[in-house]
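I opened this structure today and kept notes as I went. The entries follow the order in which I looked things up.

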Amino acid sequence: MTLTSEEANGHQESGRAFGASVAGSAHNAAKLLNQDAWACTHWLVDRETVYCAVVCDGLGSRRYAREGALAGVRAAKRAARQWTRAPGAPISLLVRLLEVLWRLEVASLPAGECATTCLMALVLPSRGTRRLVMLALGDGLAAVESGEGLRTLGGRAAEQFSNVTVGLGTPHHMDDWQVRDWTMTGQFRVLLLSDGIADDVTEENVPELFRWLADFERRPTAARGKGLRRALRNWPVPGHSDDKTLVYLRLGGS
Amino acid sequence: MTRGKLTLRDITVNAPRPLPVLLLLDVSGSMAEDGKLAALNTAVRDMLHTFAQEQAGGAEIHIAVLAFGGLEARLHVPMKPAREVKFEALEAKGHTPIGAALTLTTRILENHDLIPGRAYRPTVVLVSDGVPTDDWEGPLQRLLSSPRASKAVRLALAVGEDADMEVLSGFAGENHVRRAAEARQLRRFFKFVTMSVTARSRSATPEQSLTLPDLGTDDGFDDLDL
């Protein structure tokens, strides 16, 4: 299943968010649906806007990987909404809440068969600046580009191979979650990538990927999603087979 | 990279994901008896031929061949795409330094330049007909406890009646060891490994576990038809 959405932020300053997801050729050949899921949304807390982006990648060998990834996105959004309404709450509670809500989302299924990775970016107002909270469990990559340069989170652990990862529904510790909490000023851009993309883009090329995506910002809305999906389907890496998902979020600037 | 028209081709790697296979092959003197080594050379050549033809999948099969005999383990074929391998027949001599082979295997599996993180989980196949003649317990422990090497799919084949099942079971686990008492069984084992690797290279779920088949009846090694 292919999804595309976007929104222009008209609340306080300019910004842009969009994303896309396409099933990989291996899943298409096996007549399986896309096992990635994503969302990018916003809501108001005390009249100020909170932005939330999520990418989940269901583990390919699991029977309900697709359901697990969709549940991961729902759980992340619900957890973020609750957590952002509790000023001062530690990030560890956001992580625990997300874990519990995901378990509830998949309660009717064997959780191990629903296993999924999870990347989340959450942008909150913070005394005239912005606070960016990023979470990552399992492979895939989250990246932030700002005046302070490029910062990344997630990525495959040094001891892992492709398609071998921890995730919601696999045995893991809370320490397996990578967590960052940054104060952001000026323009910044956030990118969440499932491993179908992240594995084929070396970290030194992530700034170029940002630049390539920035070009999509300038396209008409209707053409943006179509063009992005087409590009992901025509992925140039020989033998590529994974589902591919990305979410792009820019705040500030133009 | 041009600053003008930027394309995904400029940003992405230009190689398929590797699916690595390591063959750890016993070339001790006893392998020359009863045509065991001849059968092994044929089986490896057939495997390489099949891998080289394999174009349908998403992954690219890479292979390395480690030969252990005499006093050392050495890279007979360094890790490279199977279609680029020119295999020269192995020759047998000397002792059975399995410990040295395990040490070299761990070093290869832990090397991110040889096997990058985007590679699929490697398959390691240990084939031996004898008893280790060097310290193997330490190297095996180090392999089993090393971060990446421990995650490889490990299979073992005992060739003939004299193979040390303890070391092979310790390496692969009892469910992933078979014994070949004849050339046909050896070829069947290699065919199975070949089929499972090529199936993984095409699969939407390449990390699913595998079950070794029964290798059939025992007619002895001297019924070779090579």
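**Entry 1: the sheet of chain B**

The model is a predicted one; local features need pLDDT of at least 70, side-chain atom pairs count only at pLDDT 80 or more, and totals for chains, interfaces and linings use all residues. Residues are numbered from 1 along each chain as its sequence is written, while chains are lettered from A and ligands numbered from 1 in the order in which they are written.

For helices I use DSSP runs of H or I with at least four residues, for strands runs of E with at least two, numbered from the N terminus. Two strands pair if DSSP finds at least two bridges between them.

I then followed the pairing. Strand 2 (residues 60-69) and strand 3 of chain B run antiparallel, joined by seven bridges. I looked up the whole sheet next. In chain B, six strands form an open sheet in the order 3-2-1-4-5-6, with mixed pairing. Strand 3 (72-81) and strand 6 (177-180) of chain B are at the edges with a single partner strand each, so one side of each has no neighbour in the sheet. From one strand to the next, the twist averages 15°. Angles here run from 0 to 180 degrees between N-to-C directions, and axes are lines fitted to C-alpha atoms, for helices over the stretch in contact.

Helix 2 (residues 36-53) of chain B does, touching strand 1 (18-26), strand 2, strand 4 (123-128) and strand 5 (153-159) of chain B. The direction of helix 2 makes about 165° with that of strand 2 of chain B. Contact means that two C-beta atoms, placed from the backbone, lie within 7 Å. Helix 3 (residues 98-109) of chain B lies across strand 1, strand 2, strand 3 and strand 4 of chain B, at about 150° to strand 2 of chain B.

**Entry 2: chain A as a whole**

I counted elements next. Chain A has six helices and 11 strands. Its radius of gyration is 17 Å, close to the 18 Å that the globule rule gives for 254 residues, so chain A is as compact as a globular protein of that length. The radius is taken over C-alpha atoms, and the rule is 2.2 Å times the number of residues to the power 0.38. Of the 254 residues of chain A, 47% count as buried. Buried means 20 or more other C-beta atoms within 10 Å of a residue's own, exposed means 12 or fewer, and partly exposed lies in between; C-beta atoms are placed from the backbone.

**Entry 3: a sheet in chain A**

I found five strands of chain A in an open antiparallel sheet, in the order 3-4-5-6-9. The edge strands, strand 3 (36-45) and strand 9 (178-184) of chain A, each pair on one side only.

Strand 3 and strand 4 of chain A pair in the antiparallel sense over 10 bridges. In that pairing, Trp38(A) stands opposite Val55(A) of strand 4. Their hairpin has two residues between the strands, and there Asp46(A) takes a positive phi near 50°. Most residues other than glycine have a negative phi. Is Asp46(A) buried or exposed? Asp46(A) is exposed, with 9 other C-beta atoms within 10 Å.

Strand 4 (residues 48-57) of chain A also pairs with strand 5 (residues 118-126) of chain A, antiparallel over five bridges. Ala53(A) has Ala121(A) as its bridge partner in strand 5 of chain A. Eight of the 10 residues of strand 4 of chain A are buried, so this strand is largely enclosed by the rest of the structure.

**Entry 4: cores**

I looked for nonpolar cores, sets of buried Ala, Val, Leu, Ile, Met, Phe, Trp, Tyr and Cys residues joined through C-beta atoms within 7 Å. The largest has 71 residues, of which Ala53(A), Val54(A), Ala121(A), Leu192(A) and Leu249(A) touch the most other members. Helix 2 of chain A gives the most to this core, 10 residues. Another core lies apart from it, with 69 residues, including Ala39(B) and Val125(B).

**Entry 5: where the chains meet**

How many residues does each chain bring to the contact? I noted 29 residues from chain B and 31 residues from chain A. Helix 1 (residues 8-11) of chain B supplies the largest share of the chain B side, four residues.
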